[in-house]
Amino acid sequence: MAARKLLIDVHTHVYLPRYASVLRSRPTAPRILSRPTPNGSGTEERLVILENEPSGGRPVGPQYWDRDEKLSFMDKHGIDISIVSTANPWLDFLSPAEAPSIAESLNADLESYCSTAPSFSSLSRLYGFGLLPLLPSVPASVLLRIIDQIASLPHLKGVIMGTRGLGKGLDDEALEPVWEALAREGLVVFLHPHYGIPSSEWGERENGHVLPLALGFPFETTIATTRLILSGVLDRHPALRLLLAHSGGALPQLSSRLASCIDHDPLVAARLRHDARWYLGRLWFDAVAYGREELAFVAECVGRADSYDKSHQRALGAARLLFGTDHPFFPPLQDTETWHSVTENLEAIAGVEGWSEEERENVRGGNAARLFGLV
Ligand code: 5CU
């Protein structure tokens with residue numbers, strides 16, 4: 001099958017049944033709680049995962065754990081392949097003693113979720129990102145053992161990772177063996193936010209989930225990736241492949257300011273091997289930006305590492321952007337056949353000025369097929 005015809009979703013989540021059971025067993029967030037339905041006719045489950053989430057949480061149901069629901073969502077939107085990841089907050093709330101074995105079990109569960117899915121040609125419709133027990137005091141030897149496990153599972157193509165690392169962020173020296181092993185094994189790191197920025201920044205007016213999701217999530221990714229770049233991780237591990245959620249947040253917009261601040265800081269100026277903007281061209285970005293102007297802008301910033309010409313930059317950047325949906329988050333408020341959160345991202349890809357049809361096809365699936373070794 002020609003890779004350029006595939007629609008591949010690289011940003012799509014699941015709470016596997018084992019994980020949902022853990023959430024159901026918890027008295028505090030993150031948790032799944034059960035309560036009577038408003039009309040009193042039965043019970044309903046609600047998901048409470050974000051800081052300051054209203055205590056009643058949000059509706060949660062089989063779309064979060066049932067594989068048939070994932071496949072039916074894919075069919076409805078013409079998605080051929082999904083690279084599925086556990087949704088936030090991963091294992092962050094577990095104790096360092098219990099997280100490693102739960103990580104190993106969930107990785108095995110995800111392999112079986114993918115490997116027993118329908119396939120077409122020589123490909124499965126489902127692949128996955130595994131989990132690492134990234135918690136303070138989990139020894140490197142345990143992390144390396146679980147990286148080995150993930151690398152040995154044929155449908156797992158990488159790991160999903162939050163921004164806290166082992167508790168001190170992604171610029172922590174203790175993560176060096178982890179970066180080295182991930183790079184050596186060719187596992188893609190999908191960097192995803194959860195914590196946002198302190199909720200004190202959101203004021204007193206009730207704005208639902210809008211500020212934490214629209215701004216907090218991308219700012220968290222921006223800060224974490226910047227710290228990773230500043231610590232030289234990408235210089236020391238050139239083979240490390242990082243995929244940033246939500247098109248890298250504000251990093252493209254702020255990359256020249258970052259470069260200038262580095263240039264003018266005596267402590268940091270000599271630390272990196274490259275100008276800060278160069279590192280953008282070494283990263284991958286999901287195309288979950290909801291607008292063609294934003295995609296065009298990200299592509300230009302990413303392509304700037306290798307060209308001075310604006311339309312060439314946009315074309316080069318197209319090789320680093322990958323379609324995603326964020327399913328099962330952002331369902332439509334009214335019942336519709338397809339999800340606006342998905343069609344809007346597909347329309348954005350179709351609408352970027354200056355992209356050739358081949359570049360659009362690459363963003364839809366060709367780039368993912370190559371990044372995850374599906375061709
Ligand atoms: O709506 C949300 O809370 C989320 C979330 O938690 N994680 C995610 O990936 N997208 C939306």
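Trainee: In what order do the strands of the 3-stranded open sheet stand?
Mentor: Keep in mind that we are reading a predicted model. S2 (residues 31-36) is joined to S3 (residues 43-48) by 6 bridges, and S3 pairs with S4 (residues 58-59) over 2 bridges. Both pairings are antiparallel, and the order of the strands is S2-S3-S4.

Trainee: Which strands stand at the edges of that sheet?
Mentor: Look for strands with a single partner strand, because one side of each is then left without a neighbour in the sheet. The strands at the edges are S2 and S4.

Trainee: Which residue takes a positive phi in the hairpin of S2 and S3?
Mentor: The place to look is the hairpin, with 6 residues between the strands. A phi near 75 degrees is found there, and the residue that takes it is glycine 40.

Trainee: At about what angle to S2 does helix H1 run?
Mentor: Helix H1 covers residues 17-24 and lies across S2 and S3. Its angle to S2 is about 65 degrees.

Trainee: Which strands are at the edges of the 8-stranded sheet?
Mentor: This open sheet has parallel pairing and the order S1-S5-S8-S9-S10-S11-S12-S13. An edge strand here pairs on one side only, and the two are S1 and S13 (321-322).

Trainee: Which helix packs on this sheet and touches S9 and S10?
Mentor: The contacts are with S9 (156-161) and S10 (188-191). The helix direction makes about 155 degrees with that of S9, and the helix, residues 176-185, is H5.

Trainee: What is the bridge partner of phenylalanine 285 in S13?
Mentor: S12 (residues 284-286) and S13 pair in the parallel sense over 2 bridges. Phenylalanine 285 has as its bridge partner in S13 leucine 321.

Trainee: How many residues of S1 are buried?
Mentor: S1 spans residues 8-14 and is mostly covered. Although S1 is an edge strand of its sheet, the count of buried residues is 7 of 7.

Trainee: Which residue in S5 is opposite threonine 12?
Mentor: S1 pairs with S5 (residues 81-86) in the parallel sense, over 5 bridges. The residue of S5 opposite threonine 12 is valine 84.

Trainee: Is serine 82 buried or exposed?
Mentor: Serine 82 lies in strand S5 and touches Asp9, Thr12, Met74, Arg125, Leu126 and Tyr127, leaving aside residues up to four places away in sequence. Its relative accessible area is 0%. Because buried means under 20%, serine 82 counts as buried.

Trainee: How many residues apart in sequence are the parts that arginine 125 and aspartate 75 tie together?
Mentor: Arginine 125, one of the contacts of serine 82, forms a salt bridge with aspartate 75, with the closest N and O atoms 2.8 Å apart. Arginine 125 lies in the loop between S7 (123-124) and S8 (126-130), while aspartate 75 is in helix H2 (residues 67-76), so the tied parts are apart in sequence by 50 residues.

Trainee: Which residues does the network with Glu357 join?
Mentor: Glutamate 357 and arginine 364 meet in a salt bridge of 3.1 Å, N to O. Glutamate 357 is partly exposed at 45%, whereas arginine 364 is buried at 17%. Salt bridges with shared partners make one network of Glu357, Arg360, Glu361 and Arg364.

Trainee: How many salt bridges does a search of the whole structure find?
Mentor: Another pair is arginine 184 with glutamate 185, at 4.0 Å from N to O. Arginine 184 is exposed at 54%, and glutamate 185 is partly exposed at 33%. Over the whole structure, the number of salt bridges is 19.

Trainee: Which residues make the nonpolar surface patch of about 240 Å²?
Mentor: Start in helix H6 (residues 210-230), where leucine 215 has its place. Leucine 215 is partly exposed, with a relative accessible area of 33%. The patch is made by Leu215, Phe219 and Ile223.

Note on methods:
Residues numbered from 1 in each chain as written. Predicted model: local features only at pLDDT ≥ 70, side-chain atom pairs only at ≥ 80, totals over all residues. Heavy atoms only, no water. Buried < 20%, exposed > 50% of the residue type's maximum accessible area, 1.4 Å probe, protein only. Helix = DSSP H or I, 4+ residues; strand = E, 2+ residues; numbered from the N terminus. Pairing = 2+ DSSP bridges. Patch = residues over 30% accessible without salt bridge, like charges linked within 9 Å, V, L, I, M, F, W, Y side chains within 5 Å. Areas by Shrake-Rupley, 256 points an atom, 1.4 Å probe, with all protein chains shown as cover. Salt bridge = Lys/Arg side-chain N within 4 Å of Asp/Glu carboxyl O. Contact = heavy atoms within 4.5 Å. Axes fitted to C-alpha atoms, helices over the stretch in contact; angles between N-to-C directions.
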